[in-house]
Amino acid sequence: MERYKKDLKSWVQGNLTVCGRSLFLFDEVDKLAPGLMEVLRPFLGSSWVVYGTNYRKAIFIFISNTGGEQINQVALEAWRSHREREEIHLLELEPVISRAVLDNPQHGFWRSGIMEEHLLDALVPFLPLQRHHVRHCVLNELAQLGLEPRDEVIQAVLDSTTYFPEDEQLFSSNGCKTVASRIAFFL
C-alpha cells in the first residue's frame, strides 16, 4: 500500500510540475483501498503550493458508486410524493452520499481527511434514469448512427431494458449503458 501511495503522489506531483492545469480523473473510488486517496489531501487543501508545486489550477474528479442505493431511495420517495425527479435538490442528497462514504470501511475515502475536512468542492449525484430518459438515449444513439428513429426499434429497446423497483418499474437499472448494444440487436 505504501508503494502505491508513493507512486500516486509522485505521479500527481510530476503531472502538476509539467502542467499546472492538469485534470485528474479517479474512477471507481469506492473500490480503492481505504487510505490510498489520503495522499491527495495536500493537493486539495487550502495551501497554494505543495511540495514546491502550485496546484490550485488543477481539477480533481472522483467518481464513485457509493450512495447509489441511497440516491435511488431518495428518488423513489420523491416520485411516491408526486415530485418530479428534477425537483430533487442537491441539499437532499449531499448528506446521504457523505454518510454512505463515511460509513463504508471498504471505500477509498473511508476515515479520510479529505471527507472529514470537507475538501471536496462539490458532489454531483447521478440520479436514476426513467423510461423517458432512456428513450432520449435511444434517439440520440440512432442519430449518431445516422439512422431514422423507428418506433418498433425504440419500443423494443425500452421494453428490453431492466427497470426497478420490481413493482413500479420506474428507473433503469443500467441507465443508458446498454442502449447501443440493444439497438444493434433490434435493427
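Is Trp-11 buried, partly exposed or exposed, and at what relative accessibility? Trp-11 counts as partly exposed, at 46% relative accessibility, where buried means under 20% relative accessible area, exposed over 50%, and partly exposed in between, computed with a 1.4 Å probe on protein chains only.

## Basis of the model

This is a predicted model, in which local features need pLDDT of at least 70 and side-chain atom pairs count only at pLDDT 80 or more, whereas totals for chains, interfaces and linings use all residues. Residues are numbered from 1 along each chain as its sequence is written, and side-chain values use heavy atoms, with hydrogens and water left out.

## The largest nonpolar core

A nonpolar core is a set of buried Ala, Val, Leu, Ile, Met, Phe, Trp, Tyr and Cys residues joined through side-chain atoms within 4.5 Å. The largest such core has 21 residues, of which Val-12, Phe-26, Met-37, Leu-40, Phe-60, Phe-62 and Phe-109 touch the most other members. Two or more residues are given to this core by each of helix H1 (2–18), strand E1 (23–26), helix H2 (41–44), strand E4 (59–62) and helix H5 (113–116); these elements are DSSP runs numbered from the N terminus, with helices (H or I) of at least four residues and strands (E) of at least two. H1 supplies the largest share of the core, three residues. A second, separate core of eleven residues includes Val-74, Ile-88, Ile-97 and Leu-127.

Contact, in what follows, means heavy atoms within 4.5 Å. When its neighbours within four places in sequence are left aside, Phe-60 is in contact with Val-12, Phe-24, Phe-26, Leu-40, Phe-43 and Leu-44. Leu-44, which lies in helix H2, is buried with a relative accessible area of 14%, and, not counting residues up to four places away in sequence, Leu-44 touches Tyr-55, Arg-56, Phe-60, Phe-62, Ile-114 and Leu-119. Leu-44 and His-118 are 74 residues apart in sequence, while their C-alpha atoms are 9.8 Å apart in space.

## Strands E1 and E4

E1 and E4 run parallel and are joined by four bridges, two strands being paired if DSSP finds at least two bridges between them. Leu-23 stands opposite Ile-59 in E4, and the bridge partner of Leu-25 in E4 is Ile-61.

On E1, Phe-24 and Phe-26 make up the covered face, and Leu-23 and Leu-25 the uncovered one. On E4, the covered face consists of Phe-60 and Phe-62, and the uncovered face of Ile-59 and Ile-61.

## Aromatic pairs

Rings of Phe, Tyr and Trp (its six-membered ring) pair if their centres lie within 6.5 Å, and planes under 30 degrees apart count as stacked, over 60 as edge-to-face and the rest as tilted. By this rule the count comes to seven aromatic pairs. Trp-11 and Phe-24 form an edge-to-face pair, with 5.4 Å from centre to centre and 75° between the planes. Because Trp-11 lies in helix H1 and Phe-24 in strand E1, the pair ties together parts that are 13 residues apart in sequence. Phe-24 counts as buried, at 2% relative accessibility, and one aromatic cluster is formed by Trp-11, Phe-24, Phe-26, Phe-60 and Phe-62.

The rings of Phe-164 and Phe-171 have their centres 5.7 Å apart and their planes at 50°, so this pair is tilted. Phe-164 is partly exposed, with a relative accessible area of 23%, whereas Phe-171 counts as buried at 1% relative accessibility.

## The annotated C-terminal domain

An unreviewed UniProt entry carries the annotation "domain: Torsin-1A C-terminal" for residues 132–186; UniProt positions are given in the numbering used here, feature names are shortened, and annotations may be inferred rather than shown by experiment. Over residues 132–186 the chain is 56% helix and 7% strand, with the end C-alpha atoms 19 Å apart. Ser-172, found in strand E6 (residues 171–172), counts as buried at 4% relative accessibility. Leaving aside neighbours within four places in sequence, Ser-172 is in contact with Leu-129, Val-134, Thr-161, Thr-162, Tyr-163 and Phe-164.

In helix H8 (residues 179–186), Val-179, Arg-182 and Ile-183 are buried. Seen down the axis of H8, these buried residues fall within an arc of 105°, so they line one face of the helix, the arc being that of the directions from the helix axis to the C-beta atoms. The buried residues of H8 pack against helix H6 (131–144) and helix H7 (151–160), whereas Ala-184 and Phe-185, on the other side of H8, are exposed.
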